[in-house]
Amino acid sequence: MKRFLIVFAVLFSGMVSAADGERDGQFISGNPDQVWDANQSEWVSPVKFWHSYAQRSGGITWGQTSEYPEYNQVKEHDTLLIEVDSGLCLMEFFHSRWRRANDVRRWDPQFNEYAGCPDVFR
């Protein structure tokens, strides 16, 4: 249990800004919507946040497209900016299927309502 708490504390401390308590992936709805990018220590657009996350995780593996790649070519943690009629959504291949990146990373629930994310599985 002690080891778990230490690991949790280390992981959590990396997600919170020391200055104001912002957390990586914190989403603020507005005009425009903004997301806290702890890596850059600034508020950015949701799409810029996705690009930043993907870049520090190896890049957007499958680019931006309206079609999913062939299943047998995809690897665990590959990413894709999927295009649907309502907009873009960052997807991550996790545990043998495509998921919204927010469902894997758990940044902020508002991501699941942003742009194309509510519609990617319809």
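**Close-up views of a predicted model**

At 9% relative accessibility, Trp107 counts as buried, a term that stands for under 20% relative accessible area, with exposed meaning over 50% and partly exposed in between (1.4 Å probe, protein chains only). The model is predicted, so local features need pLDDT of at least 70 and side-chain atom pairs count only at pLDDT 80 or more, while totals for chains, interfaces and linings use all residues. Residues are numbered from 1 along each chain as its sequence is written, and side-chain values use heavy atoms, with hydrogens and water left out.

**View 1. The rings of Phe49 and Trp107 form an edge-to-face pair.** A search of the whole structure finds 12 aromatic pairs, where rings of Phe, Tyr and Trp (its six-membered ring) pair if their centres lie within 6.5 Å, and planes under 30 degrees apart count as stacked, over 60 as edge-to-face and the rest as tilted. In the pair shown here, the ring centres of Phe49 and Trp107 are 5.0 Å apart and the planes stand at 85°. Because Phe49 lies in helix H2 (residues 46–56) and Trp107 in the segment after helix H3 (101–105), the pair ties together parts that are 58 residues apart in sequence; helices (H or I, at least four residues) and strands (E, at least two) are DSSP runs, numbered from the N terminus. Phe49 is buried, with a relative accessible area of 0%.

**View 2. Trp50 and Tyr114 make an edge-to-face pair.** The ring centres of Trp50 and Tyr114 are 5.7 Å apart, with the planes at 70°. Trp50 belongs to helix H2 and Tyr114 to the segment after H3, so this pair ties together parts that are 64 residues apart in sequence. Trp50 is buried at 2% relative accessibility, and Tyr114 is buried with a relative accessible area of 18%. Ring pairs link Phe27, Phe49, Trp50, Tyr53, Trp107, Phe111 and Tyr114 into a cluster.

View 3. Asp37 is buried, with a relative accessible area of 0%. Its side chain is joined to that of Ser52 by a polar contact of 2.6 Å, the term meaning a pair of N or O atoms within 3.5 Å; within protein, one must be able to donate a hydrogen and the other to accept it, and residues adjacent in sequence count only if both atoms are side-chain atoms. Leaving aside neighbours within four places in sequence, Asp37 is in contact (heavy atoms within 4.5 Å) with Asp24, Glu42, Val44, Phe49, Ser52 and Arg56.

**View 4. Asp108 forms a salt bridge with Arg23.** The whole structure holds six salt bridges, each a side-chain nitrogen of Lys or Arg within 4 Å of a carboxyl oxygen of Asp or Glu. For Asp108 and Arg23, the closest N and O atoms are 3.6 Å apart. Asp108 lies in the segment after H3 and Arg23 in the loop between helix H1 (2–13) and strand E1 (27–28), so the pair ties together parts that are 85 residues apart in sequence. Asp108 is buried at 6% relative accessibility, whereas Arg23 is partly exposed at 32%.

**View 5. Asn112 and Asn102 are joined through their side chains.** Asn112, which is placed in the segment after H3, is buried with a relative accessible area of 14%. The polar contact between the side chains of Asn112 and Asn102 is 3.3 Å.
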